[in-house]
Amino acid sequence: MTFKDIASLSVRNLYRRKSRTLLTVSGVVIGCCAVVIMISLGIGMKKSQEQMLEGMGNLMRITVTSAPQNVAKRRLLDKKGVDKIRKLQNIKAVVPKKEMDLEELNLIAGDQARFQCNYTTIVGIPEKDLEAAGYEIKDGKMISGRENEVLAGEHLAYQFVDSRRPDGKNMVDYWSDENAQPYFPILQTPVEVAKKEEKAADGVQEQNSAKASWKGIQKLTVVGVTKQDFDKGDETEGGIIMGMRDFDRIQKEIRKETNIKLSREYSRVLVDVDDISHVDSVEKEIKRLGYQTSSMESLRKPMEESVKQKQMMLAGLGAVSLFVAAIGIANTMIMSIVERTREIGILKALGCSLSDIRKEFLIEAGMIGFVGGIAGSLVSCVVSWIMNTYMGASLTGDAMMAMMDTGSSETALSIIPLWLIGAAVLFSVFMGVGAGFFPSNRAVKISALEAMKA
């Protein structure tokens, strides 16, 4: 018999017993649907976790800082140290930063230093690494490399005080009013790092900052305003970002004019890894060099393990239903053999090979699994859509977070990728064939003479 003849005979046998076949297929549908839905819930849970972590920070970024002074193997986080980090494997980008807080200095702008910012942070980054740092420009343009061109944090302009206004009304409160505009356009106004002179010209200490005299240290040209992103640094909110050459030059000028002690080390180094799976190994290598590190890996790994355990639990619950369906297929095939004993004897008497008889029953079992897998996948998609549409709103808030220990109201509760549908159908077919293996062997062992007498 050809494979086509065997398949045709198997279809006719299944069709003759429609009720039994339908009930058996229904069991596979339920089992397949249970597995797919349970796994889809686990995928949705994992996706929710990933979105939550991405919202907290870059998952592939490691922040490197110097170890405390009392550490025995402390290494300077200088150019040599950065070069060693760059030589490590699986590194995508290394961005060193220098920072200085203008504690004794001010930023001034406007006529006669009308607008004054009493505190800010200046960050220096090597010009070639500015693009790798990933700053997003909200207004203006990126630094072009010209001398004293800088980027301002998104809310730096709001931190300037108007010295001609009375206390309590001399700052713009952008926290309570998102549409509030700063007193001056920072992109069009020269900004200067300056030191307030303690005494006025007549020798009397001046208390009124509007009348105080200022000693300019460095003029800056703000060419762009960055979008606030604390993952990249606090400077994106209210600081100043410039190239490292300008930073070093301004640092020397500040050292001459103030008592601020400025370190020659980098304040921190941002290390971007090429793949999330390499973050842990790269972080360990950096620690061996004698530096401190911080990343999202300490949060991601425990959460990932927790999600894996829940996925295994959900998949196990679905597998129980599929196992019951496999028992149903085996039971159906055994009953079919009992009812078709005479037919088996006739096939043997006509010279049909044992392998063809075995194939007939295996194909029947495989067809039950295939039809059940297809139908189960379609039902799973419908159930998933209903869950996401009608149940998602109530389960993606606090209740969802409590159930799954993850939090993203934008993530679907159930996610069914194409590979899951293909895997479910394929697994259902293999399950059907496996369940029909024992009954097919039993059919082959039936004596032709005894079968003819049945």
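## Close-up views of a predicted model

**View 1. The surroundings of Phe-160 in the largest nonpolar core.** Leaving aside neighbours within four places in sequence, Phe-160 is in contact with Leu-107, Ile-108, Ala-109, Phe-115, Gln-116, Cys-117, Asn-170, Met-171, Tyr-183, Phe-184, Ile-186 and Val-191. As in every view here, the coordinates belong to a predicted model. The largest nonpolar core has 42 residues, and Phe-160 is listed with Val-64, Leu-107, Ile-186 and Ile-286 as those with the most contacts inside this core. Apart from this core lies another, of 26 residues, which includes Val-28, Cys-32, Val-36 and Ile-357. Cys-117, one of the residues in contact with Phe-160, has a relative accessibility of 1% and therefore counts as buried, since buried means under 20% relative accessible area.

View 2. How many disulfides does the structure hold? The structure holds zero disulfides. For Cys-32, the nearest cysteine sulfur is that of Cys-33, which is 7.3 Å away, and Cys-32 is in no disulfide, because a disulfide requires a pair of cysteine sulfur atoms within 2.5 Å.

**View 3. Asp-129 in a loop.** Asp-129 is found in the loop that runs between strand β5 (121-125) and helix α4 (130-133). When residues up to four places away in sequence are not counted, Asp-129 touches Arg-86, Val-94, Val-95 and Pro-96.

View 4. Val-382, Trp-385, Ile-386, Tyr-390 and Met-391 together make a nonpolar surface patch of about 540 Å². One of these residues, Ile-386, is found in helix α10, which spans residues 354-395. With 37% relative accessibility, Ile-386 counts as partly exposed, because this value lies between the 20% under which a residue is buried and the 50% over which a residue is exposed.

**View 5. The protein chain as a whole.** The secondary structure of the protein chain comes to 14 helices and 13 strands, and of its 454 residues, 46% count as buried. Among contacts between residues at least 6 apart in sequence, 80% join residues that are at least 24 apart. The accessible surface of the protein chain comes to about 24,500 Å², and 56% of this surface belongs to carbon and sulfur atoms.

Methods. Residues are numbered from 1 along each chain as its sequence is written. This is a predicted model: local features need pLDDT of at least 70, side-chain atom pairs count only at pLDDT 80 or more; totals for chains, interfaces and linings use all residues. Side-chain values use heavy atoms; hydrogens and water are left out. Buried means under 20% relative accessible area, exposed over 50%, partly exposed in between (1.4 Å probe, protein chains only). Patches are made of residues with over 30% relative accessible area and no salt bridge: like charges are joined within 9 Å, nonpolar side chains (Val, Leu, Ile, Met, Phe, Trp, Tyr) within 5 Å. Accessible areas come from the Shrake-Rupley method with a 1.4 Å probe; for residues, only the protein chains shown count as cover. A salt bridge is a side-chain nitrogen of Lys or Arg within 4 Å of a carboxyl oxygen of Asp or Glu. Helices (H or I, at least four residues) and strands (E, at least two) are DSSP runs, numbered from the N terminus. A nonpolar core is a set of buried Ala, Val, Leu, Ile, Met, Phe, Trp, Tyr and Cys residues joined through side-chain atoms within 4.5 Å. Contact means heavy atoms within 4.5 Å.
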